Amino acid sequence: MHLRKVIAAVLIPFAVAVLVGLAVLWPGGAPAHERTGVGFDRQTQDATVTKVVEVSCREAGASGVPPTGDTSTAEGSSAVQQEKGTCKRATIRVDSGDDKGRTFTEIVQPDQSRQLHEGQEVVVAYEPSAPKDLQYSVTDINRRLPMALLAGIFALAVVVVGRLRGVMALVALAMSFLVLNFFILPAILQGSNPLVVAVVGASAIMLIALYLCHGLSARTSVAVLGTLISLLLIGILGSVFIDWAALTGNTDDNTGLIHGLYPTIDMSGLLLAGVIIGSLGVLDDVTVTQTSAVWELHEANPSMGWRGLYRAGIRIGRDHIASVVNTLVLAYAGAALPLLLLFSIAQSSVGTVANSELVAEEIVRTLVGSIGLVASVPVTTALAALVVSADRPGAEPAPEASVAARGGRGRRRKR
């Protein structure tokens, strides 16, 4: 009971501070801005491909030999091949917006990765300042139906296997997205410090997800405390090494567009915020698993002291560490495979690849998160062992507890 009071004395003020932070930093919506028409900052509408006919690329004017006549380059060779090939002229009907029902045509070249077919639903970009014939262009495929179906299959699988716990996990997932979309992202766009916003938002997500999925109990509180300590370590290490490595956080077109639209945003702070939020999901998994393992060990053998519980729990944690760290590295390698292929084609050394800011960001992100994960195992295991071992009524186990530990049955003797 004393240890539970200590945990409550830490977590209750922390939860109050998170609520105060949410109230103070609440943005009230993302700030408005004038669209640039670049990248994701374009006006888009739904559309449908109504007709596709094959035409000669020469007649369509979709390709041609470079003005220099040099066909030795990749661009020149591709232009010659396209000129001799067969293109497609697609007629596309706009299905939403003020121009609903309007049609336009687009030429699809034979070597284009995205080919169109009749009846296909697409997303079109709208540029009002362009000539009328060029205002609309196909920018992507409409994938809402398959994505929604996949999400439904995922939700069904979680509910069937997890039952009520699965339902609560889906509710917690929805709450996490709400915090992300209505607090974290708009607050950063409003000019608030990305690190402070990430800490408050991640803490809110942590409290909501863990207590909603696992209940208001000492076990969950231990997992919350272990996650909080690990997040603090990740924040400190991330801040130190992002500053030391001079990582700007502005490494691609998307971050460049964000910096151009909102120059007041601290991009390195945004990078650190991403490290904290990205580490939270895996941290929850590790801390909850370790806490549950220690509690189950205590249930199996109530006579085991906190040292025995810690040693048994840390053996389980070592296996967890090995698998989780490998998962983080492989997850980045899979996501960055095209980039790594480019470095391989250029025959760049490992040192050159690691030194480039684009890769160095992910290395710092992965290593800082992994250090936090590794640290969460002994911290959470020690806290769980201390709390659950304090539930013993005395130094010696009760007779019925000893019998239960041996797996047998018996009646209490009268004294």
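Mentor: Let us begin with the elements: helices (H or I, at least four residues) and strands (E, at least two) are DSSP runs, numbered from the N terminus. His117 lies in the loop between β3 (103-108) and β4 (121-126). This is a predicted model, in which local features need pLDDT of at least 70, side-chain atom pairs count only at pLDDT 80 or more, and totals for chains, interfaces and linings use all residues. Residues are numbered from 1 along each chain as its sequence is written, and side-chain values use heavy atoms, with hydrogens and water left out.

Trainee: Why is His117 called partly exposed?

Mentor: Buried means under 20% relative accessible area, exposed over 50%, and partly exposed in between (1.4 Å probe, protein chains only). His117 has a relative accessibility of 46%, and therefore counts as partly exposed. In the protein chain, 34% of the 415 residues are buried.

Trainee: Which residues does His117 contact, leaving aside its neighbours within four places in sequence?

Mentor: Contact means heavy atoms within 4.5 Å. With those neighbours set aside, His117 is in contact with Val49 and Val52. The C-alpha atoms of His117 and Ala90 are separated by 7.9 Å, and these two residues are 27 residues apart along the chain.

Trainee: What makes β3 and β5 edge strands?

Mentor: Two strands pair if DSSP finds at least two bridges between them. The open sheet of five strands has the order β3-β2-β1-β4-β5, with antiparallel pairing. β3 and β5 (136-141) each pair on one side only, and are the edge strands. The twist averages 45 degrees from one strand to the next, where axes are lines fitted to C-alpha atoms, for helices over the stretch in contact, and angles run from 0 to 180 degrees between N-to-C directions.

Trainee: How do you know that β4 and β5 pair?

Mentor: Five bridges join the antiparallel strands β4 and β5, and the requirement is at least two. Tyr126 has Tyr136, in β5, as its bridge partner.

Trainee: Which helix gives the most to the nonpolar patch?

Mentor: Helix α4 (residues 144-189) gives the most, with seven residues. One of the patch residues is Val167, which lies in helix α4.

Conventions. Patches are made of residues with over 30% relative accessible area and no salt bridge: like charges are joined within 9 Å, nonpolar side chains (Val, Leu, Ile, Met, Phe, Trp, Tyr) within 5 Å. Accessible areas come from the Shrake-Rupley method with a 1.4 Å probe; for residues, only the protein chains shown count as cover. A salt bridge is a side-chain nitrogen of Lys or Arg within 4 Å of a carboxyl oxygen of Asp or Glu.
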